[in-house]
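Me: I have a model open and I'd like to learn how to read its features one at a time. Can you walk me through it?

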Amino acid sequence: MGEGVLSPGAGSSGAAPPGGGGAGAAPPAGPADLGPGFPWVQGGLTCRGLSLEGLARRFGTPLYVYDAQGIADRVHRFQEAFQGVDLLLAYSVKANGNLAVLNRIGLAGAGADIVSAGELERALRAGIPASRMVFAGVGKTVREMERALEVGIHAFHVESEEELNVLEGVARRRGERAPVGIRVNPDVESPTPHHYTATGHATSKFGIPVTRALELYRTAPERPHLWFRGIDVHIGSQIVAVEPYLAALDTVLEMTDRIRADGVSLEYLDLGGGFGVGYRGEGGLPLDRLAGAVTERLRERGLRLILEPGRSIVGEAGVLLTRVLYRKESGGKRFVITDAGMTELLRPSHYGGWHRVVPVLHDPAAPEAVVDVVGPVCESGDFLALDRPLAHPGAGDLLAVGTAGAYGFSMASNYNARCRPAEVLVESGRALLIRRREEVEDLLRGEVIPPAPSPESGDHTP
Ligand code: LLP
């Protein structure tokens, strides 16, 4: 995979048309593709030699399937593209925090971008050294700060002045120096597909404005318990253009020069994550172009680079398998009702996210129909795809939802008291269960029914 874009595009086995499958789009000429790692073999979708239908039979549905090789390849692609600079690749755990996935990403040489004590413990448990972790987020608690200091993370990415003061207090009490990078709000508009995933504009809750951040760096000499180690920026998610990154980079590089001129010796620049992938099989962010522009400017300043990719490491390396339960027609619409919905994959419902939906067994005789693929959850917003031309699947048929490795399971919920699905890692020709399917007992654990109030207590409700 040396193509230099994050999504190598549709493979040779039946490409989806540009923008294929969206509302009003032409139906695919052949069986639609799910990208590298999930090729068609003899009329059936596979992952590294294993049939997806076979995996669904063995592990049940809904089921997440991840391609270990695809994940490792994508880590290596970043390492290759940025080999001209000292790189810490801090994989963004929120995209997919399964322990096995984290473990393999760590083995490939990456660290972690974390946003909570939970993610910290996950990454540690998966074997990622704390020294390769950066901790972002606008609402870190004192306990989270203490734990991160205790294990020795690489740096806290501080998002407000009040947070900086609290962190300083925690470090002082512990007699330590907290490593810090200020997350700068560069005030750039990042072209993300949904405004929920843009973070670099002035009115977002993230980061500290440039002028204020510069003032805070200037306080460094009076703050022996803070170690101003770097500078951080993250402008949003699913960005396929290089320009917004370069705009943000210019801002933080200029700041770095000024901060260093003030005598604060910053070691690293963190450009965040957000590198877009091709949900429709198109190319994602042109990584080599970004790398070219970034590498030169960091090298000449002797700055270490931190990147925090999440989606671009795991997104295209995962699919969600779901079985059709029923079909129905109503109000001129055709519905295909599947056993997965917004509880398994929230992106379509929450962000209007578009994912390929493909029957796992290709039936050339199947009639095409434009359908809504909807889940069993009691919400009208519960869908996987709307107005989608599809070889009309029937009850029992298996569908694969593409590019579901990122923000799929990690955003799954128990709404409607639904059990979260199992996860399988395909590695070296074997399918490994890396999370068993939840059971109702898992859902009820921790809940307590208090004794009913006695009539004498007077506080019973009718
Ligand atoms: N670093 C920071 C500080 C972040 O907030 C994020 C993502 C990342 C890195 C990784 O971004 P990535 O490379 O994965 O785009 N749930 C949404 C995406 C939310 C992203 C939140 N922050 C979605 O499904 O599109």
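Me: Let's start with helix packing. At what angle do the axes of helix 7 and helix 8 cross?
Reply: Keep in mind that this is a predicted model. For a helix pair, look at how close the axes come and at the angle between them. Here the axes of helix 7 (residues 210-218) and helix 8 (residues 243-261) come within 10 Å, and they cross at roughly 25 degrees. Angles under 35 degrees count as roughly parallel, so helix 7 is roughly parallel to helix 8.

Me: Is the crossing of helix 7 and helix 8 left-handed or right-handed?
Reply: Right-handed.

Me: Which residues make that contact between helix 7 and helix 8?
Reply: Helix 7 brings V210, A213, L214 and Y217, while helix 8 brings T251, M255, R258 and I259. Sorted by class, the contact has six nonpolar residues, one polar and one charged.

Me: Now another pair. How do helix 5 and helix 6 pack?
Reply: Read this pair the same way, starting with the angle. Helix 5 (residues 142-151) and helix 6 (residues 161-174) have axes 10 Å apart and an angle of about 50 degrees. That angle makes helix 5 oblique to helix 6. The handedness of this crossing is right-handed.

Me: And which residues of helix 5 and helix 6 are in the contact?
Reply: On the helix 5 side you'll find V142, M145, E146 and L149; on the helix 6 side, V166, L167, V170, A171 and R174. By class that's seven nonpolar and two charged, with no polar residues.

Me: How many bridges join strand 1 to strand 2?
Reply: Two, and strand 2 covers residues 44-47.

Me: While we're on torsions, is the peptide bond from T61 to P62 cis or trans?
Reply: Omega tells you. For T61 to P62 omega is near -5 degrees, and the bond is cis. P62 sits in the loop between helix 1 (52-59) and strand 4.

Me: Which strands pair with strand 13?
Reply: Bridges give you both the partner and the sense. Strand 5 (residues 87-92) pairs with strand 13 (residues 304-307) in the parallel sense over three bridges, and L89 stands opposite L307. Strand 12 (residues 268-270) is also joined to strand 13 by three bridges and runs parallel to it. In that pairing D270 stands opposite I306.

Me: What about strand 14 and strand 15, parallel or antiparallel?
Reply: Antiparallel: strand 14 (residues 318-330) and strand 15 (residues 333-338) pair over six bridges. E329 has R334 of strand 15 as its bridge partner. The hairpin has two residues between the strands, and G331 takes a positive phi near 55 degrees there.

Me: And in which sense does strand 15 pair with strand 17?
Reply: Parallel, over three bridges, with strand 17 at residues 368-374.

Me: How many residues of domain 1 are in contact with domain 2?
Reply: 21 residues of domain 1, against 19 residues of domain 2. On the domain 1 side, strand 4 (63-67), strand 20 (422-427) and strand 21 (430-435) each supply at least two residues. That side of domain 1 divides into nine nonpolar, six polar and six charged residues.

Methods. Residues are numbered from 1 along each chain as its sequence is written. This is a predicted model: local features need pLDDT of at least 70, side-chain atom pairs count only at pLDDT 80 or more; totals for chains, interfaces and linings use all residues. Two residues are in contact if their C-beta atoms, placed from the backbone, lie within 7 Å. Helices (H or I, at least four residues) and strands (E, at least two) are DSSP runs, numbered from the N terminus. Ala, Val, Leu, Ile, Met, Phe, Trp, Tyr, Cys and Pro count as nonpolar, Asp, Glu, Lys and Arg as charged, and the others, Gly among them, as polar. Axes are lines fitted to C-alpha atoms, for helices over the stretch in contact, and angles run from 0 to 180 degrees between N-to-C directions. Angles under 35 degrees count as roughly parallel, over 145 as roughly antiparallel, 65 to 115 as roughly perpendicular and the rest as oblique. A crossing is left-handed if the near helix is turned anticlockwise from the far one by less than a right angle, and right-handed if clockwise. Two strands pair if DSSP finds at least two bridges between them.
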